[in-house]
Amino acid sequence: MGNFDKKIETFINVFFNNGGYRNVLTGLKNTVVIAVAGLIIGILIGTVIATIRVLPKKGGITGFLNSLCSLYVGFFRGTPIVVQLLLFYYVMLPILGLKMTSVSVAVCVFGLNSGAYISEIMRGGILSVDPGQMEGGRSVGLSYGTTMMKIVIPQAVKNILPTLGNEFIALIKETSVVSFVGAMDLYVAFNYIGSNSYEFMVPYLVMALIYIVMVVIITLLIKVMERSLRKSDKSL
């Protein structure tokens, strides 16, 4: 017990006196920014891809777009996100001659990766909506796109909300790999504390606790949103 108290004392010393808390705050901020921005980008991309993939297949431009979407989804679902980060940062950026911060690269890659997964989630949500909703919208003069955006997709989002919550949780946890492109995240922050104190037990325990707290908060928020949506449905 005394040995563990000493480990905690060492951790507190490095955390407060050696600037460890600044790295943790930066890492926490980057983790949240990458996950939230990645989810937003993923929802936008995923919605567009899902809409294209449920279009009636008539060949021509529709068939081409569907094939392009299938290729996109296949690549991002078929390769590890670490590989995607490395390819984007060390291959694509030099070829294109672009300069981006490691956090910006992580946001882009996480958004593109999330878009591939959310497209399949959204496609399932769209297909779960009663086809009569589309027919009803078209019968009152709405175009296919308007009916999809104003009637079908909002109902699909309600159906897939828990799954979107799981995707957000997955993004939060996957941010631990952004250190491969030099971004500061929670892992890098607590690894710094461990390296400076030569003691990794307490830093890694605290890091795990922070991830758990974030996941619990997200889970509670999703439940609140689900409850709110159920109440709104009952009031209609």
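In what follows, a residue is called buried when its relative accessible area is under 20%, exposed when over 50%, and partly exposed in between, using a 1.4 Å probe and protein chains only. The model before you is predicted: local features need pLDDT of at least 70, side-chain atom pairs count only at pLDDT 80 or more, and totals for chains, interfaces and linings use all residues. Residues are numbered from 1 along each chain as its sequence is written, and side-chain values use heavy atoms, with hydrogens and water left out.

Let me turn to the aromatic rings. Rings of Phe, Tyr and Trp (its six-membered ring) pair if their centres lie within 6.5 Å; planes under 30 degrees apart count as stacked, over 60 as edge-to-face, and the rest as tilted. The whole structure contains 4 aromatic pairs. One of them joins phenylalanine 75 to phenylalanine 76, edge-to-face, with 5.0 Å centre to centre and 85° between the planes. Phenylalanine 75 has 38% relative accessibility and therefore counts as partly exposed, whereas phenylalanine 76, at 10%, is buried. Together with Tyr72, Phe75 and Phe76 make up one aromatic cluster.

Which residues does glutamine 84 touch, leaving aside those up to four places away in sequence? They are Phe75, Phe76, Thr79, Val109 and Asn113, where contact means heavy atoms within 4.5 Å. Glutamine 84 has a relative accessible area of 4%, so this residue is buried. Its side chain reaches the backbone oxygen of threonine 79 at 2.8 Å.

Finally, phenylalanine 200 and tyrosine 204 form a tilted pair, 5.5 Å centre to centre with 45° between the planes. Phenylalanine 200 is partly exposed at 33%, and tyrosine 204 is partly exposed at 29%.

Technical notes
A polar contact is a pair of N or O atoms within 3.5 Å; within protein, one must be able to donate a hydrogen and the other to accept it, and residues adjacent in sequence count only if both atoms are side-chain atoms.
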